[in-house]
Amino acid sequence: MIKIQKAEDLEDSFFEGRNFTETIESVQQTLINVKEKKDAALHDYSAKFDVSSPLTFEIPKRELELAAKKMEQSNPNLYKSLQYSHDLALEFALKQKESFYDFEEELRPGVITGQKNIPVERAGVYVPAGRFPLLSTVVMTTTPALAAGVKEIILCTPPRVHPDDKIKAEQEGLGVQGKPFINGKPYADENIMAAAYICGVSRVFACGGAQAIAAMAFGTESIPRTDVIVGPGNKYVAEAKRMVYGSVGIDMVAGPTEVFIIADSSANPEWVAADLLAQAEHDIVAQPVLATPDSELAHKVAIEIEKQLETLPTKQTAEQSINNQGRIIITNSIEQAAKIANKKAPEHLELAMQASEERDKIEKMLHNYGSLFIGHYSAEVFGDYSAGLNHTLPTSCSARFTGGLSVRMFLKTVTTLRTQKGSTGMVNSATAAAYLGDAEGLFAHSKAARLRLL
């Protein structure tokens, strides 16, 4: 059962980062091998770790289109939902882009400064395809890149056995973990392929794991080098992203997912329990937390969690998360719950309160979170899938200093300077630069400034 404790009994470790990645020597070796051996290394790693090691890596556009058409026919509700999710995410991302505007401003007479927002040329996206292939991640990682104006979006995802190869693979007992089908056609999870087509991804490669991160960071004969890499993954993928940062930009190194719910007596115990379990089913180290001054609500939620677990298909994972990482914090006031949330800086923060002046006050108090969900009907799962918000968010207390994935990741904000000869602003800037260069012992700097005064 979920742990219930008083706010004053919270241990210091609750407010510390929960990054479960680690420095893994094998990841470093993977990066070196891919950088040196390129495609040959990718083939070796696919044969070692994947169910398929295709002869080539790029999945033809026609295959993506066929996957989308198959989804549209066999699962029209999913197809329409993906389109809806993409449309809202793109609208939101385009709205974000409007806030990054170019300008020129004459700060002093003759000194004209400016700002330009330039999209990166090529973005790399990683989409996991393990126990639960994350087709929604395709939407969340590609739409802000499209909105930013990125020319080419590269997507890597673990390979699957192509339908044309399945009969032969089954006859030979291949196409399973530990016994990959070798030299078949490139293919991936069909839902991910369909999502990539719907979202307008430029090129898709059947390549997964840390080796895919290395390929997008350094480039191989098949997979081009990218400027930034975004998207989630297991601890090997996360560590690879950490290690290649500097060669390329990355969105973040994500830890286990988390939700923090602030609730008062107006909250529905069934809804709160469902929201906690929605986070818990992600991973056994996911962290679902409720903070409330209402002890009766706290106990009702705890009971409701146990009730819902009994019929939950993902009970095995969710129950471990609830029992080992989850907790309900009984606070002295709703204000104290908000202060704890700010200190925790959670990935997802729910404000389960009905509209009121008190809720408005609490909302204004909150400033550390990846995304904030306000009111009983603003379920966090809407943010995961279908409300326009991006679900790639900071975890492990990093919301104290960063936000989630957005258009900003794919834009370079650069500056410009134009000066007019003989203007007072140019003369004053040159004079100040010369004296500052003298003070720092950088005399070539001083000379370069003073030459403009002659």
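**Figure 1. Lys315 and Glu310 form a salt bridge through their side chains.** In this predicted model, the nitrogen-to-oxygen distance of the pair is 3.3 Å. The two partners fall into separate accessibility classes: Lys315 is partly exposed, at 24% relative accessibility, whereas Glu310 is exposed, with a relative accessible area of 53%. The class of Glu310 follows from its value, because a residue counts as exposed over 50%. The pair belongs to a structure in which a search of the whole finds 16 salt bridges.

**Figure 2. A salt bridge joins the side chains of Glu190 and Lys70.** The N to O distance is 2.9 Å. Glu190 is partly exposed, with a relative accessibility of 27%. Lys70 is likewise partly exposed, its relative accessible area being 44%.

**Figure 3. Asp438 and Arg450 are paired in a salt bridge.** Their closest N and O atoms lie 2.7 Å apart. Because Asp438 is part of helix H16 (residues 424-439) and Arg450 is part of helix H17 (residues 443-450), the pair ties together parts that are 12 residues apart in sequence. Asp438 counts as partly exposed at 28% relative accessibility, and Arg450 counts as partly exposed at 32%.

**Figure 4. Salt bridges link Glu58, Arg122, Glu152 and Arg203 in a network.** This view shows four residues: the glutamates Glu58 and Glu152, together with the arginines Arg122 and Arg203.

**Figure 5. Gln420 and Val111 are 6.8 Å apart in space, C-alpha to C-alpha.** In sequence, these two residues are separated by 309 residues. Gln420 occupies the loop that runs between strand E17 (411-419) and helix H16. When neighbours within four places in sequence are left aside, the residues in contact with Gln420 are Gly110, Ile112 and Met426. Gln420 is partly exposed, with a relative accessibility of 42%.

Technical notes: Residues are numbered from 1 along each chain as its sequence is written. This is a predicted model: local features need pLDDT of at least 70, side-chain atom pairs count only at pLDDT 80 or more; totals for chains, interfaces and linings use all residues. Side-chain values use heavy atoms; hydrogens and water are left out. Buried means under 20% relative accessible area, exposed over 50%, partly exposed in between (1.4 Å probe, protein chains only). Helices (H or I, at least four residues) and strands (E, at least two) are DSSP runs, numbered from the N terminus. Contact means heavy atoms within 4.5 Å.
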